[in-house]
Amino acid sequence: MLATPAAAQEPAAAYCDETLLVERFETHVDPPPRGIVTYSAVLRNALDVERSFVLVVTATLFQRPTAAPRSIPASGRLTVPLGYQAWQPGVAALRGDRLAQVTRISCLPG
């Protein structure tokens with residue numbers, strides 16, 4: 001039996017003229033006793049050159065990334081922590097589109 005190739009997934013979000021892509025937003029829920037929800041984004045550089053960017057998270061999260069320049073290698077991938085928050089019963093964690101709405105990325109010239 002032959003395996004069929006998996007269909008290519010659309011990126012979760014695209015920035016910088018669709019040259020810097022968020023392949024997926026990740027949400028990890030760690031219920032009590034630890035009781036935190038952590039967030040991250042897996043970025044992919046669609047260019048054959050290193051890319052510099054600034055990422056800002058507008059949601060109220062602990063340890064949000066600072067708005068400092070970062071770089072991603074040519075055609076590379078990078079997982080960026082977006083922060084964490086206390087787990088609250090009955091309150092939905094941010095996922096997918098909701099994480100995309102609070103994540104801003106600007107590419108730097110160069």
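**View A. A disulfide joins Cys16 to Cys107, with 1.9 Å from S to S.** The model shown here and in the other views is predicted. The count of disulfides comes to one. Cys16 sits in the loop between β1 and β2, while Cys107 belongs to strand β7 (residues 103-107), so the pair ties together parts that are 91 residues apart in sequence.

**View B. The S-S bond of Cys16 and Cys107 has a torsion of about 95°.** With this torsion, the disulfide is right-handed. Cys16 has a relative accessible area of 19%. Because buried means under 20% relative accessible area, Cys16 is classed as buried.

**View C. Four strands form an open sheet in the order β1-β2-β3-β6.** The pairing in this sheet is antiparallel. Its edge strands are β1 (13-15) and β6 (77-86), each of which pairs on one side only. On average, neighbouring strands of the sheet are turned by 25° against each other, direction ignored.

**View D. Strands β2 and β3 run antiparallel and are joined by 10 bridges.** Strand β2 covers residues 20-30, and strand β3 covers residues 36-45. In this pairing, Asp30 stands opposite Ile36 in β3.

Terms used:
Residues numbered from 1 in each chain as written. Predicted model: local features only at pLDDT ≥ 70, side-chain atom pairs only at ≥ 80, totals over all residues. Heavy atoms only, no water. Pairing = 2+ DSSP bridges. Helix = DSSP H or I, 4+ residues; strand = E, 2+ residues; numbered from the N terminus. Axes fitted to C-alpha atoms, helices over the stretch in contact; angles between N-to-C directions. Disulfide = S-S within 2.5 Å. Buried < 20%, exposed > 50% of the residue type's maximum accessible area, 1.4 Å probe, protein only.
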